[in-house]
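Please keep the sequence and the model at hand while reading.

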Amino acid sequence: MKVLVTGGAGFIGSHVVDRLVAEDCHVAIVDNLSTGLMEHVNGKAVFYRCDIGDGERLERIFASERPDYLIHHAAQISVQNSLSDPLKDARVNIMGTLNLLNCCRDFGVKKMIYASSAAVYGNPEYLPVDENHSLNPLSPYGISKHTPEHYIKMYADSYGLNYTVLRYANAYGPRQDAQGEGGVVSVFIDHLLRDDPIVIYGDGEQTRDFVYAEDLAEANLAALGAGDYGIFNISTSVPTSVKGLLEAINEVGGSYARPLYGPARPGDIRDSYLSNQKARLELGWQPKFSLYQGLELTLKYYMRMCMEKEMEGAESEVF
């Protein structure tokens, strides 16, 4: 099986690549390294440094690789950046996806798996949010993640392209950038390890649905053989408050960090968690990692990264 993964040097995409390689798939990665890192690239995968906005280069890559499947994770993921530069957000997330859809059509890709987002729903009208919930994205990012879903369906109807859309809840785990959008777990852990203040905006009772990166990777593998022409929430279906998240990190890490509280940020959704019932029934997928299990693995990863950086710093001082 030949699979091309866009964003395969990034946070979630690199975990997907690792699972595909473990299943003995031939994997090619397309990533422009704007946020991804070469250290995350699996050594058994073929790597192309390429922007998905470069349609001509993508055509050459598809002609060379002839993938059976496309798993599309490359994206502009910052809500704040989408607000400050909606044109760039649209170029990457909408136009970039269209370039990939054209390649799928022209080179006979069997199926496209598209990483979408809970941001397409906007403020929940009911909880948990299921796939029938109305779509009312609150930011250019939410719009630019939703719009490709329409194009994907159109390419399916017009050209026979099979697809599965996965709408992710709040992802966390190893390799997440602490400076990245939506990475509250990595931000809290990063500040904890640096002994920096941890700020919670609002009263901390706002809830989110935190799903571990390896569970997301498993959902992508499940979608290779199931969920044809479907849209699925990939989530835990468990709400966790931001305050409760910090308490869990403290418990897992044996720490006693106490937060500073700042004013609630305008536009922040108060409560959000997604139903994963459809994914359980039709993809045969369910999350394997509890929040505490995922946090333990994530904390160990960041502690190891800190130790390695300290060792590198000590070696540079010696030499």
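In which loop is R66 found? R66 is found in the loop between α2 (55-65) and β4 (69-72). The model discussed here is a predicted one. The points below begin with the protein as a whole, turn to pairs of helices, and end with individual residues.

**Overall form**

- The protein contains 10 helices and 13 strands.
- Its radius of gyration is 19 Å, close to the 20 Å that the globule rule gives for 319 residues, so the protein is as compact as a globular protein of that length.
- Taken along the principal axes, the C-alpha atoms fill a box of roughly 60 × 55 × 40 Å.
- Of the 319 residues in the protein, 52% are buried.
- Among contacts with a separation of 6 or more, 77% are accounted for by residues 24 or more positions apart.

**Helices α1 and α7**

- Helix α1 (residues 11-22) packs against helix α7 (residues 213-225) at an angle of about 55 degrees, and the two axes are 8 Å apart.
- The crossing in which α1 passes α7 is right-handed.
- On the α1 side, the contact is made by F11, I12, H15, V16, R19 and L20. On the α7 side, the residues are A213, E214, L216, A217, E218, N220, L221 and L224.
- By class, this contact of α1 with α7 has nine nonpolar, two polar and three charged residues.
- In α7, 10 of the 13 residues are buried, so this helix is largely enclosed by the rest of the structure.
- The buried residues of α7 are A213, D215, L216, A217, A219, N220, L221, A222, A223 and L224.
- Just after α7, G227 takes a positive phi of about 70 degrees.

**Helices α4 and α5**

- The axes of helix α4 (residues 86-106) and helix α5 (residues 140-159) come within 9 Å and cross at roughly 20 degrees.
- Since angles under 35 degrees count as roughly parallel, α4 is roughly parallel to α5.
- The two helices, α4 and α5, have a right-handed crossing.
- From α4, the residues that make the contact are P86, D89, N93, I94, T97, L98, L101, N102 and R105. From α5, they are P140, Y141, S144, K145, T147, P148, Y151, I152, Y155 and Y159.
- The contact of α4 with α5 divides into 11 nonpolar, five polar and three charged residues.

**Helices α6 and α8**

- Helix α6 (residues 184-194) and helix α8 (residues 242-253) cross at roughly 50 degrees, and their axes come within 11 Å.
- The helices α6 and α8 are therefore oblique to each other.
- Their crossing, α6 with α8, is right-handed.
- V184, V185, F188, I189 and L192 of α6 make the contact with V242, L245, L246, I249 and N250 of α8.
- The residues of the contact of α6 with α8 comprise nine nonpolar, one polar and no charged.

**Backbone features in loops**

- R66 has a phi near 50 degrees, a positive value in a residue other than glycine.
- With a relative accessibility of 45%, R66 counts as partly exposed.
- S237 lies in the loop between β11 (230-234) and β12 (240-241). The phi of S237 is near 65 degrees, a positive value in a residue other than glycine.
- At 24% relative accessibility, S237 counts as partly exposed.
- L127 and P128 are joined by a cis peptide bond, with omega about -5 degrees. P128 belongs to the loop between β5 (111-117) and α5.

- F47 is a residue of strand β3 (residues 46-49).
- The relative accessible area of F47 is 23%, and F47 is partly exposed.
- Leaving aside residues up to four places away in sequence, F47 touches A9, I29, D31, L33, M38 and V41.
- L4 and F47 are 43 residues apart in sequence, and their C-alpha atoms are 9.8 Å apart in space.

Note on methods. Residues are numbered from 1 along each chain as its sequence is written. This is a predicted model: local features need pLDDT of at least 70, side-chain atom pairs count only at pLDDT 80 or more; totals for chains, interfaces and linings use all residues. Side-chain values use heavy atoms; hydrogens and water are left out. Axes are lines fitted to C-alpha atoms, for helices over the stretch in contact, and angles run from 0 to 180 degrees between N-to-C directions. Helices (H or I, at least four residues) and strands (E, at least two) are DSSP runs, numbered from the N terminus. A crossing is left-handed if the near helix is turned anticlockwise from the far one by less than a right angle, and right-handed if clockwise. Contact means heavy atoms within 4.5 Å. Ala, Val, Leu, Ile, Met, Phe, Trp, Tyr, Cys and Pro count as nonpolar, Asp, Glu, Lys and Arg as charged, and the others, Gly among them, as polar. The radius of gyration is taken over C-alpha atoms; the globule rule is 2.2 Å times the number of residues to the power 0.38. Buried means under 20% relative accessible area, exposed over 50%, partly exposed in between (1.4 Å probe, protein chains only). Angles under 35 degrees count as roughly parallel, over 145 as roughly antiparallel, 65 to 115 as roughly perpendicular and the rest as oblique.
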